[in-house]
Amino acid sequence: MKVKVIVTLKNGVLDPQGKAIQQTLNGMTFDNVLEVRQGKYFDIEVNENDENKAKSQVEEMCKKLLANLVIEDYKIL
Amino acid sequence: MKSSVIIFPGSNCDRDMDVALKKFGFENQMVWHNDDEIPKSDLIVLPGGFSYGDYLRCGSIAGKSRIIKSVIDFANSGGLVLGICNGFQILTETGLLPGILQQNKYLNFICKNVFVKIKNKENKYFKNIKKEVLELHIAHNEGNYFCSNDELKSIQDNGQIAVTYCDDKGNDDENNNPNGAIKNIAGIFNKNKNILGMMPHPERMIDPFLSGEDGSLFFENLIGSM
C-alpha cells in the first residue's frame, strides 16, 4: 500500500526559503500572503497490506531518516 | 599516529584532508563508505563535500551509510572523530553531536575566509594552540547551526562550544555572524570532547603561499597532543 508523509519545519524554526517565496509572492501582486512555510512530501510504496503495520513502519522511517526531529515534524496522511 | 579519512560519494575535501594530515605527520589511509570496518586508527575524519548530493538533508544519507556504525563505535569508545563542513553535518545527523546545520540565513552559498574564536582549549583539538583567534576558510550553504534552547543550555554548561565566528579581534557578536548560526557557533564538541564538528576548513589553511597557516596550527597541535 501507499503511505503519504508530510515533513514540515517546527513552529519557530527559521525557514529562509519559505520567507523568500513569501516575498516573491508579495512582489507578484499576491500582497495578502502573510507567511509561507516550505515542507517535504513523500509518497512511499510499502509491500504490506495491513494499513496499521505499514503506517507504523513508516513512522519508524520518519523518526530514523525522513525527518530530523530537532527541527522538523512529520505527519502520516 | 594513524588517521582514516572516510570517502562518501560526493565528498570533495577528502584529498585536501589527506594532504594536510600527511604534511603534519599522520599516517593517513582513505576508507570507502561502503566498507564494514575502519583500519586501526587514532583519528577518524569525515571530510567536507556534498555526500549523496545533499539529498533529503545534508549528511542524512551518509549518516546511515554502512561505514557509519564503525565510526559511531569508535567515537563511543573515546576515539577522536573530526567532522569538517559536510562531516559536521554528518555527525549531527548520526546523533553523535547535538543540533543541526540549517540553510544559511540569507540563502547564499558563502565561500570566504573568516575568523573564529577558540572557546575551549581543554581538549586535544585546541590544547596547545597559543592564538585565541584563527583565520580559517568556510564554504557552505548549510552552516547555520541550530538547536533547541534546552540543548543550547546544556552545550554551554558542558563547555561544548568549540569555536565561534568573530572578527580579527575575537568579537563573536551578531555583526560577525556569516550564516545566522545560533550564538555564532562554528563548531562544537560532544560532552567528552573526543568528537569535534566544525564548518571552517583547517585543511585549506596549511600553505603560507596559497592561503594562511592557521590551519597548520590546528594540525600541529592535534598530532602533538595525541
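Biologist: Among contacts in chain A between residues at least 6 apart in sequence, what share join residues at least 24 apart?
Modeller: It's 62%, with a contact meaning C-beta atoms, placed from the backbone, within 7 Å. This is a predicted model, where local features need pLDDT of at least 70, side-chain atom pairs count only at pLDDT 80 or more, and totals for chains, interfaces and linings use all residues. Residues are numbered from 1 along each chain as its sequence is written, while chains are lettered from A and ligands numbered from 1 in the order in which they are written.

Biologist: OK, what pattern does chain A follow along the sequence?
Modeller: β-α-β-α-β, where helices (H or I, at least four residues) and strands (E, at least two) are DSSP runs, numbered from the N terminus.

Biologist: And why call chain A more spread out than a compact globule?
Modeller: Because its radius of gyration is 16 Å, well over the 11 Å that the globule rule gives for 77 residues. That radius is taken over C-alpha atoms, and the rule is 2.2 Å times the number of residues to the power 0.38. The C-alpha trace of chain A spans about 45 × 25 × 15 Å along its principal axes.

Biologist: Switching topic: how many residues of chain B are in contact with chain A?
Modeller: 12, and they meet eight residues of chain A. On the chain B side, that's four nonpolar, five polar and three charged (Ala, Val, Leu, Ile, Met, Phe, Trp, Tyr, Cys and Pro count as nonpolar, Asp, Glu, Lys and Arg as charged, and the others, Gly among them, as polar).

Biologist: What does the model score?
Modeller: ipTM 0.82 and pTM 0.93.

Terms used: Two residues are in contact if their C-beta atoms, placed from the backbone, lie within 7 Å.
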